[in-house]
Amino acid sequence: MQRILNYIDGELVEAANGGWLDNVEPATGKVYSRLPDSDETDIEKAVAAAKQAFPGWSGTPAVERARIMDDIADRIEADLESFARAESIDTGKPIGLARKVEIPRAVSNLRFFAGAIQHTASEAHVTDDQALNYTLRRPRGVAGLISPWNLPLYLLTWKVAPAIATGNTAVAKPSELTPMTAHLLAQTCRDAGLPPGVLNIVHGLGARAGAPLTTHPDVPTISFTGGTATGGTIAAATATSFKKLALEMGGKNPTVVFADADMDVAVPTAVQASFSNQGQICLCGSRIFVQRDAYDAFVDRFVSATGDLVQGDPLEETTNQGAVVSKAHFDKVMGYIDLAKEEGGTILAGGSTPSGLPDRCREGFFIEPTVVTGLPHDCRVNREEIFGPVTSIMPFDAEDEVIEWANETDYGLSASVWTQDVSRAHRVAERIASGTVWVNCWLLRDLRVPFGGMKQSGVGREGGDEALRFFTEPKNVCLRLGSS
Ligand code: NDP
């Protein structure tokens with residue numbers, strides 16, 4: 001059986017305690033590899049390696065750091081098929097999605113920050129004729145990077161790239177549910193000649209490996225992406241040590257469709273926003289509000305387009321709906337489908353496990369893309385993050401009403417608004433409480449924009465300059481002008 005290893009000080013090693021965890025393939029429900037069950041001893045070694053590597057790496061010219069990052073990106077791109085296959089097996093997502101979206105986006109993360117670090121400017125402020133203030137931005141040291149299972153390589157590189165581009169070194173703890181692409185990344189970093197200790201990857205459980213990383217006194221920076229409850233635990237655990245913290249957390253994102261929207265684009269995009277990656281993207285739009293005049297026609301077209309999705313073995317090219325990540329997550333999502341019925345919803349599509357799966361997938365964690373109507377806007381299904389292929393569609397009458405409903409959850413990550421009225425688009429985008437609002441589109445990405453959430457979806461912003469700033473400490477130097 002394949003064994004995944006920790007990457008510490010440039011070496012691929014087992015956990016110090018010799019323990020292993022099973023890694024299950026979601027499409028089959030079977031163990032297909034093992035990963036180290038690491039604990040604080042491994043974290044200690046990884047942090048020590050990162051601390052030792054910091055002076056050399058932060059003193060390496062930016063152009064050389066960028067060259068190595070570009071080399072890593074080139075190698076991932078050259079080996080894209082292996083990465084896409086590993087990601088599909090590890091997560092249950094369709095291989096086509098991994099190949100077209102996630103692995104290329106991971107490559108872009110590395111290339112973008114390799115470029116960005118060579119083009120950053122520092123601020124200077126002249127205080128009349130008295131003084132010149134300039135801002136030095138310096139890497140802080142060892143960054144702790146904690147990432148989830150839904151987009152494992154993409155979200156890991158989203159943190160690794162700005163951290164090491166700015167001259168920090170890093171210890172990463174990927175989700176134990178999806179460790180394989182992080183393992184491939186470790187091998188790629190070695191092949192590309194990344195100096196030992198610059199990036200360390202420690203696999204294992206959140207409580208045993210993640211928690212000691214977040215509280216380690218030699219780790220001043222923590223960047224976390226995952227659930228809001230875990231984010232809260234990390235915020236509490238680090239509060240009195242005043243670490244620099246970025247938290248990217250859950251979402252319950254609204255899709256608001258006005259009657260004047262171009263439905264030929266709005267319907268297929270709303271389907272994609274609901275069910276891409278089996279609804280397991282923090283930015284998925286799982287609450288769809290449609291203006292009443294257009295509601296019936298929208299629901300018909302949406303249900304019909306959902307029926308066209310092809311669910312099956314994630315390794316098949318034709319599949320566009322795979323398995324959810326684990327048995328525990330399967331149970332959670334199915335529980336919300338039961339709750340939707342209890343709360344008075346009507347299941348118009350899906351609601352169960354699919355039939356007709358190939359033999360290989362009989363024990364896999366598959367849930368049909370599920371469409372629910374008839375739920376009140378403020379019920380639990382419409383307020384809590386399900387993070388699976390379950391979408392609720394509701395009618396609305398007025399702009400004020402839909403903005404109030406859209407803002408009715410504790411989350412505020414993203415939203416999409418569909419209308420051909422530009423003034424309304426601006427108005428609604430301004431009033432929806434979320435870190436990103438897409439107008440007449442979904443998931444369009446520009447790496448320069450600030451990314452993150454409002455309310456319980458996040459603290460701080462990543463992306464572009466925000467990430468470069470987050471991973472560095474600004475210092476003002478005030479130089480008195482004139483004669484001494
Ligand atoms: P979790 O919060 O369960 O886990 C995220 C990571 O934190 C994992 O590596 C986990 O390890 C680790 N972890 C768990 N407990 C601790 C702890 N006490 N200290 C340190 N680390 C810990 O999230 P999921 O993996 O279930 O991911 C899904 C969630 O992520 C959803 O809520 C989704 O909305 C959110 N998400 C947010 C995004 C955003 O950009 N805002 C993007 C993508 C996802 P382990 O796996 O071993 O538990």
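Start by selecting serine 223, which sits in strand β11 (helices are DSSP runs of H or I with at least four residues, strands runs of E with at least two, numbered from the N terminus). Before you zoom in: this is a predicted model, in which local features need pLDDT of at least 70 and side-chain atom pairs count only at pLDDT 80 or more, while totals for chains, interfaces and linings use all residues. Residues are numbered from 1 along each chain as its sequence is written, and side-chain values use heavy atoms, with hydrogens and water left out.

Is serine 223 buried or exposed? It counts as buried because its relative accessibility is 0% (buried is under 20% relative accessible area, exposed over 50%, partly exposed in between, with a 1.4 Å probe and protein chains only). Now show side chains: that of serine 223 makes a polar contact of 2.9 Å with the side chain of lysine 159. A polar contact here is a pair of N or O atoms within 3.5 Å; within protein, one must be able to donate a hydrogen and the other to accept it, and residues adjacent in sequence count only if both atoms are side-chain atoms. Leaving aside neighbours within four places in sequence, the residues in contact with serine 223 include Gly144, Ile146, Lys159, Glu462 and Phe471 (contact means heavy atoms within 4.5 Å).

**Next: the ligand**

Select the ligand and everything around it. How many residues surround the ligand? There are 32, and the closest are Glu176, Thr230, Met249, Cys282 and Glu385; a residue makes the list if one of its heavy atoms lies within 4 Å.

A polar side-chain atom of glutamate 176 is 2.3 Å from one oxygen atom of the ligand. Glycine 206 has a polar backbone atom 2.8 Å from an oxygen atom of the ligand, and for a polar backbone atom of glycine 227 the distance to a ligand oxygen is also 2.8 Å.

Colour the shell by class and you get 14 nonpolar, 14 polar and four charged residues. For that count, Ala, Val, Leu, Ile, Met, Phe, Trp, Tyr, Cys and Pro are nonpolar, Asp, Glu, Lys and Arg are charged, and the others, Gly among them, are polar.

**Zoom out: two domains**

Colour 2-249 + 457-477 as domain 1 and 254-439 as domain 2; these bounds come from an automatic or database domain assignment. Their C-alpha centres are 30 Å apart. Across the boundary, 26 residues of domain 1 are in contact with 28 residues of domain 2. The ligand shell draws at least three residues from each of the two domains.

Go to threonine 238 in helix α8. Threonine 238 is buried, at 3% relative accessible area, and its side chain reaches the backbone oxygen of alanine 235 at 3.4 Å. Beyond its neighbours within four places in sequence, threonine 238 is in contact with Thr214, Lys243 and Leu245.

Then pick asparagine 253, in strand β13 (residues 253-257). Asparagine 253 counts as buried, at 2% relative accessibility. A polar atom of its side chain lies 3.5 Å from the backbone oxygen of leucine 283. Not counting residues up to four places away in sequence, asparagine 253 touches, among others, Cys282, Ser286, Arg287 and Leu413.

**Last stop: two positive phi angles**

Most residues other than glycine have a negative phi. Select aspartate 9, in the loop between β2 (6-8) and β3 (11-13): its phi is positive, near 55°. Aspartate 9 counts as partly exposed, at 36% relative accessibility.

Finish at asparagine 277, in the loop between α9 (263-275) and β14 (285-291). Asparagine 277 has a positive phi of about 55°, and this residue is buried, with a relative accessible area of 2%.
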